[in-house]
Amino acid sequence: MQIIVPMQQTVDLVEELELNDDGTGVEREYLKFVANEWDEQALEEALLLKEAAGGSVTVVGIDETDVDGTLFSALAKGADRAVKLTGDFENGISSHQRAAILAAWLGTQEFDLVMVGVQSPEDLDGQTGVILANLLDTAHVSVAIGVEPHEGGVKVRQEFGGGTVHELALSGRAVVGVQAATAAPRYVSISRVRAAMQDSPLETLPAADVDAPTGTTVRRLYAPESSSHAEMLEGDADAVAARILEIVRERGIVKELS
Amino acid sequence: MGSDVFTLVEHVGGTVDDSTHELLGKARELATATGGRSVACLLHSGARAGADGLAADVVLSVEHPALEHFLPEAYVKALAALVADHEPRVVLVANSTVGMDVAGGLSARTGNGLVAYCNAITLEGDTLVAISQVFGGKLNAEVAVEGPAICSVVSGSFAPATGGSPDIQDVTASGIDNLTTTFLARIEPEASDVDITAEDILVSVGRGIGGADNIEFAQELADALGGVVSGSRPVTDAGWLSKTRQVGKSGQKVKPKLYIACGISGAPEHLEGMSDAELIIAINSDANAPIFDVAHFGTTEDVLDVLPALTEQIEAAVA
Ligand SMILES: Cc1cc2nc3c(=O)[nH]c(=O)nc-3n(C[C@H](O)[C@H](O)[C@H](O)COP(=O)(O)OP(=O)(O)OC[C@H]3O[C@@H](n4cnc5c(N)ncnc54)[C@H](O)[C@@H]3O)c2cc1C
Ligand SMILES: Nc1ncnc2c1ncn2[C@@H]1O[C@H](COP(=O)(O)O)[C@@H](O)[C@H]1O
């Protein structure tokens with residue numbers, strides 16, 4: 001089975017997010033980026049599927065941020081090929097554009113299955129994977145928590161609220177949005193990533209010029225103005241603990257404390 | 001572009017999901033503003049689940065064997081056909097697994113603008129304005145859509161609408177006879193070792209707890225308080241806690257008297273499961289973490305310092 005895994009770097013959410021000058025996006029220059037955690041899950045599930053069914057795993061990154069590290073790390077984990085699609089993405093791109101770029105590139109590739117991360121925290125206009133599937137006119141399943149070989153195609157476990165799961169069989173080409181892999185993503189040492197950097201160069205080619213309007217305009221980004229921000233407790237851990245004890249006691253929540 | 005407001009009905013085994021009633025609440029308001037109808041789209045295989053009671057003007061009922069269970073491919077194609085025929089001003093779907101699978105596909109197939117993770121929608125004249133929660137809930141985006149729109153809505157954003165006697169219209173399904181997706185089975189979650197929805201006190205751990213070995217600090221506090229330990233999705237995915245203890249969109253919805261969030265950022269999917277708790281205390285070293293917007297009290301002290309200190313003080317107070 002020929003599997004393609006599109007991988008992205010996304011904003012590290014623990015960082016402070018500064019807005020750009022016109023307030024319609026985040027200031028990307030100084031931000032820290034990390035591999036999208038759901039892409040790590042998608043890659044893991046793809047590698048497990050390759051191990052079970054044979055075939056290959058190709059990772060592809062649109063060079064919005066410095067994806068090289070993510071791609072080399074995927075090679076070190078067992079991906080067979082890594083492709084980087086370059087272009088001018090300084091101002092960020094939409095899910096519709098990402099999907100159109102990936103669809104154009106996939107048009108030149110042989111593949112059976114595309115496994116994307118179920119989402120990234122930036123997806124204002126929907127998930128890339130689902131849009132991609134519909135551009136390619138293939139089936140898709142999002143929020144997948146397991147993919148295994150099944151009668152020449154794959155069986156996908158799709159998760160719903162409360163933990164209910166549907167099992168679906170996919171017989172043709174498809175795009176699957178992975179929420180969680182069957183096993184925790186494998187670890188790879190820095191030395192193996194370095195070795196991958198020396199042994200297997202990235203295939204770099206320009207991303208297709210796409211016209212993929214979203215039909216939406218971002219007017220502004222802003223921090224949610226919460227009507228009820230938490231009252232912050234001052235002092236060190238002991239002082240904070242003392243205040244929490246007081247609050248819990250006042251409310252009579254723990255019988256033994258009242 | 002017409003003026004109707006469409007809502008995708010989510011239903012399982014004859015029961016309509018709560019999120020659909022919330023969408024219908026908003027749909028009624030928007031339809032009043034556009035001068036159109038609130039139209040519920042019910043895709044099914046014969047049961048017409050709860051169609052009579054939906055708070056909409058019209059129910060478009062599409063019946064087909066492929067619609068017996070949720071099949072992403074079938075839903076997207078059937079809904080795209082309805083949208084192409086009727087050209088609604090806006091389509092509302094829940095930001096659930098179903099909605100995530102349908103909204104993007106519908107946008108790709110129809111070209112209609114999609115705003116995901118919405119928690120507010122208004123009309124300013126002809127412009128639809130939606131608020132989308134981005135970056136894990138750290139920022140809101142105000143998004144304008146001039147043309148036909150699709151909004152996927154975070155659960156709990158709108159007040160539900162009930163009561164109605166909609167005009168039910170049968171529509172022939174088109175384009176879903178040859179699918180490459182087949183439904184195999186529905187699997188309900190296993191019975192739980194503990195029912196976190198029935199507990200008064202939850203000490204809930206997130207990725208910020210740092211590792212499986214540190215769960216014991218939360219367990220000790222839960223023991224001292226007479227509560228149980230629950231957690232966020234990454235914690236159960238990593239196997240640090242059993243899946244049955246997961247709070248949130250794909251876990252359990254809880255409403256305890258006390259919820260102590262330990263190293264949980266407060267992503268929209270987590271808040272969906274716990275924001276109704278009576279008292280929320282959040283311990284998170286990032287002062288900008290969204291959890292502080294729903295918490296009543298908070299601290300940015302290290303969770304690994306606060307937990308043992310609190311346990312010790314509570315044990316001393318009880319003794
Ligand atoms: C379809 C779908 C369904 C989902 N369903 C759920 C669900 O049911 N439940 C759920 O929880 N999530 C769910 N998620 C995932 C959700 O998007 C978030 O990824 C998740 O909630 C984040 O978990 P977290 O807060 O534990 O981790 P993070 O977001 O990584 O947050 C960790 C926090 O810990 C803080 N921290 C770190 N170190 C310390 C320290 N020493 N002391 C104090 N604080 C510290 C950090 O500041 C950070 O805010 C779902 C996602 C999708 C796409
Ligand atoms: N720059 C990118 N390069 C490759 N794949 C991407 C890129 N951006 C998004 N994707 C894929 O699309 C998925 C969903 O992204 P999003 O639409 O942002 O939710 C990610 O998890 C990736 O698999």
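Visitor: Which residues does S250(B) touch, not counting those up to four places away in sequence?
Guide: In this predicted model, S250(B) touches E159(A), F160(A), G161(A), G162(A) and G163(A), and also R233(B). Touching, or contact, requires heavy atoms within 4.5 Å. Residues are numbered from 1 along each chain, chains are lettered from A in the order written, and side-chain values leave out hydrogens and water. Local features need pLDDT of at least 70, side-chain atom pairs need 80 or more, and totals for chains, interfaces and linings use all residues.

Visitor: Where is S250(B) found, and why does S250(B) count as buried?
Guide: S250(B) lies in the loop between α5 (233-237) and β15 (258-262) of chain B. Its relative accessibility is 13%, and buried means under 20% (exposed is over 50%, partly exposed in between). S250(B) is therefore buried.

Visitor: What makes the pairing of S250(B) with R233(B) a polar contact?
Guide: The side chains of S250(B) and R233(B) are joined at 2.7 Å, and a polar contact takes a hydrogen-donating and an accepting N or O atom within 3.5 Å. The side chain of Q246(B) also makes one with that of S250(B), at 3.1 Å.

Visitor: Why are α4(A) and α3(B) called oblique?
Guide: Helix α4 (residues 128-136) of chain A packs on helix α3 (residues 97-110) of chain B at about 45°, with axes 8 Å apart. Roughly parallel is under 35 degrees, roughly antiparallel over 145, roughly perpendicular 65 to 115, and the rest oblique. The two helices are therefore oblique. On the α4(A) side the contact uses V130(A), I131(A), N134(A) and L135(A), and on the α3(B) side the residues include M100(B), G104(B) and R109(B).

Visitor: What makes α4(B) roughly parallel to α8(B)?
Guide: Helix α4 (residues 215-225) and helix α8 (residues 303-318), both of chain B, cross at roughly 25°, and their axes come within 9 Å. That angle makes α4(B) roughly parallel to α8(B). Among the residues that meet are F217(B) and L221(B) in α4(B), and L307(B) and I314(B) in α8(B).

Definitions and conventions
Axes are lines fitted to C-alpha atoms, for helices over the stretch in contact, and angles run from 0 to 180 degrees between N-to-C directions. Helices (H or I, at least four residues) and strands (E, at least two) are DSSP runs, numbered from the N terminus. Buried means under 20% relative accessible area, exposed over 50%, partly exposed in between (1.4 Å probe, protein chains only). A polar contact is a pair of N or O atoms within 3.5 Å; within protein, one must be able to donate a hydrogen and the other to accept it, and residues adjacent in sequence count only if both atoms are side-chain atoms.
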